[in-house]
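Trainee: I'd like a close look at one part of this thing, the place where the two chains meet. Could you walk me through it slowly?

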There are 2 protein chains.
Amino acid sequence: MSDVAPTLGDLPTPCLVLDRSKMERNLARMRARADALGVRLRPHCKTAKSAEVARRALGGDAGPITVSTLREAQYFAENGFSDITLAVGISPSRLNQAAGLLARGVDLAVTTDNAVIATEIVATAKALGVQFAVMIEVDVGEHRGGIEARAAELMEIAGILRDGGQEVRGILAHAGHTYGCRGADAVAEVAEAERAGAVLAAERLRQAGHACPVVSVGSTPGALFARNLDGVTEMRPGVYMFMDLFQSGVGCCGLEDIAVTVMASVTNLRPNEGSAHIDAGALALSKDRSTQAQPRDCGFGLLTDAFGRPLPGLTVEAVHQEHGRIAGAGVDPAILPIGSRVHVLPNHVCMTAAMYDRYAVVDGLSDGPKQPVVAFWDRVNGW
Amino acid sequence: MSDVAPTLGDLPTPCLVLDRSKMERNLARMRARADALGVRLRPHCKTAKSAEVARRALGGDAGPITVSTLREAQYFAENGFSDITLAVGISPSRLNQAAGLLARGVDLAVTTDNAVIATEIVATAKALGVQFAVMIEVDVGEHRGGIEARAAELMEIAGILRDGGQEVRGILAHAGHTYGCRGADAVAEVAEAERAGAVLAAERLRQAGHACPVVSVGSTPGALFARNLDGVTEMRPGVYMFMDLFQSGVGCCGLEDIAVTVMASVTNLRPNEGSAHIDAGALALSKDRSTQAQPRDCGFGLLTDAFGRPLPGLTVEAVHQEHGRIAGAGVDPAILPIGSRVHVLPNHVCMTAAMYDRYAVVDGLSDGPKQPVVAFWDRVNGW
């Protein structure tokens, strides 16, 4: 690239493209939702993994955020974020690293759902001279992490932490099974169960004398469709920033709200066989097939042309490591000439974006290959 | 970690572990195969993406290699490899980058299967003052990249390149459909079709006056089970270096030959529900489900304990972004206590390893958490 500001056409493919204007619309919508529900927004940064995006999600400030790994926590701390919740149950192998962040002044809350790790937290805190803030995870129906809100173990875990001099920061729930819902009403039912379970657990802790200031829930569908969040103090949606085909299938957005695409080039074309290949395959798109269980199966992604205009009936139907196979009636040299650019809408943007270390940021795609790239924003990956 | 050499138990999880002794056995086996078949080994580095591994694959030297991206080509060139074939059909968007490597003295061969890109190759060569060496890809039955060995377009592509002053280096075939085979005989049939197609295409080129010095085939199953490679000059297997559950399902290896695992920690345990969770999920393992189509469906991976001993009947049955759900009769606190380490054997190691930027290298796992880490080897990812 020359010194002149690059355009999308200057960038080699595959390339991760972020449409800033779509993203800003998604961000504003969720801020308005949090205001309407009367809860704090603690956006989950597991999707974007980008300080530039996180600041915009918070309206410009380095405010409260959620992360899924300690590498994210470290990266965001280095970028000025100091109020961070690790919402994935912490592994004992990571307690030293978490303590290091506490020692550097980061207000890092960690999460667990069992007495064994609560005991390890206390031991590490004593050994290293720090105090952990701990979220206790409750299971509100997904059966992933968490204990039942009514479980005796809740009091046991809180007791171990308090007796060991640690802070019981609050209750954390994640109704990931909203992802299996179709439409607002179905999501609202699950979100209500999440709310009720989290609030019940928090009340039990308070009755036992724990302050339990935080009651945290969150998923993008739940945040968008919950009827109320009474008793909840914060929500942690993440994928809403970019949206994807799966969220569209749940009913959280339209295809026009999907802000992240993979730009790819057509590398061969066999109109007689009804197939073409692009240079974005299993690594560039991920092997996520989550839309398979939805009414509209999007294969490994839907396609638009270089200008962001949908190419109806064309999907990435198969992937190899670096090849994506496109099939459909629209495989036509007039539509997809060899060498032309396309954009792939991702099934699950958390998985797709994780293969890239930066976003090429644009304001729309309407100029196609001449679309100016206004910035490159970095991402943090790995652990 | 302190200055003392670390052990596996010192490393936080998830973590990519490479058993060097298993790898060396796999590497020696393939070198012996190439010798027996009378062809040059040009190992495909798309799996390992590591200079340390590639040198060992070649018995110590920076010899001929295959890559799947130009970022790999760049990385290997910086690490002393100068004879590199990009075996994925090149995108026009990457021709400038490829020309840059040629200008730096790297003997980089690129691949295409169509006249449009051949024409672009000629144009780029003229504009930038370089000469490309080009492999023409033939389709030997997988219907991914490549033209039929008998297709008229073969002569057209070669003619465009020759008339444009470029080198027609040879024919490249990849019988990726060996992956759908079960057992040596089925693979041998496909490998013979690959050999015959590649040799036929090369003969056609030679009859038209092209030297066509290279006839290149390759997949791990084909390399292991081809009955002969008469007329072929080189083979390009890659995944054999590490092996994985999918290759085991094809019959290429036993479980005991799988050299790369993901070390993870148990973060919760629900014996009553028959489930546990580890801190290796969709990102740490990938969403590859290729074993689903095989007689033995391994879910998202099979488990061993910290000492590499199989845990029969335990698989990773579901993944979320950072959670792996383990299910099976063996979910028992005596076998999988919270905080204990396990290793996950990957379905498809190319996908799994791509999420990590280094390998923790060991010689076996028999010392469990006390196993010394003898080195960290870097990997190159992305594009």
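Trainee: What rotation, and what shift along its axis, superposes chain B on chain A?

Mentor: Keep in mind that the model is predicted. Chain B goes onto chain A by a rotation of 180 degrees with 0.0 Å of shift along the axis, and the RMSD of that superposition is 0.0 Å. That is the relation of a two-fold axis.

Now the contact itself. Chain B gives 48 residues to it, and chain A gives 48 residues too. On the chain B side, five elements each supply at least two residues: strand 4 (83–89), helix 5 (115–128), strand 10 (260–270), helix 10 (282–285) and helix 11 (349–353). Sort the side of chain B that touches chain A by class and you get 15 nonpolar, 21 polar and 12 charged residues. As for which surface each copy uses, 100% of the interface residues of chain B are also interface residues in chain A, so the copies meet through the same surface.

Let's follow one of those elements back into its own chain. Helix 5 of chain B, which supplies at least two residues to the side that touches chain A, also packs on helix 6 (residues 152–163) of chain B, where the two axes come within 9 Å and cross at roughly 5 degrees. Angles under 35 degrees count as roughly parallel, and that makes helix 5 of chain B roughly parallel to helix 6 of chain B. From helix 5 of chain B the contact takes B:Ala115, B:Ala118, B:Thr119, B:Ile121 and B:Val122, while helix 6 of chain B brings B:Glu153, B:Glu156, B:Ile157, B:Ile160 and B:Leu161. By class, this helix contact has seven nonpolar, one polar and two charged residues.

For another helix pair, go over to chain A. There, helix 3 (residues 70–78) and helix 4 (residues 95–103) pack at an angle of about 15 degrees, with their axes 10 Å apart. Helix 3 of chain A and helix 4 of chain A are therefore roughly parallel to each other, and their crossing is left-handed. A:Leu70, A:Ala73, A:Gln74 and A:Ala77 make the contact from helix 3 of chain A, with A:Gln97, A:Ala98 and A:Leu101 from helix 4 of chain A. Five nonpolar and two polar residues are in that contact, and no charged ones.

Zooming out on chain A, the domain assignment gives domain 1 (8–13 + 253–378) and domain 2 (82–237). The centres of these two domains of chain A, taken over C-alpha atoms, are separated by 37 Å.

Last, some backbone details to check in your viewer. A cis peptide bond joins A:Thr13 and A:Pro14, with omega about -5 degrees, and A:Pro14 is found in the segment before strand 1 (15–19) of chain A. In chain B, a cis peptide bond joins B:Thr13 and B:Pro14, where omega is about 0 degrees; B:Pro14 lies in the segment before strand 1 (15–19) of chain B. Then there's B:Lys49, which is not a glycine but has a positive phi of about 45 degrees. You'll find B:Lys49 in the loop between strand 2 (40–41) and helix 2 (51–57) of chain B.

Note on methods: Residues numbered from 1 in each chain as written. Chains lettered and ligands numbered in written order. Predicted model: local features only at pLDDT ≥ 70, side-chain atom pairs only at ≥ 80, totals over all residues. Axes fitted to C-alpha atoms, helices over the stretch in contact; angles between N-to-C directions. Helix = DSSP H or I, 4+ residues; strand = E, 2+ residues; numbered from the N terminus. Parallel < 35°, antiparallel > 145°, perpendicular 65-115°, else oblique. Left-handed = near helix turned anticlockwise from the far one by under 90°. Contact = placed C-beta atoms within 7 Å. Nonpolar A, V, L, I, M, F, W, Y, C, P; charged D, E, K, R; others polar. Least-squares fit on C-alpha atoms with pLDDT ≥ 70 in both. Domains from an automatic or database assignment.
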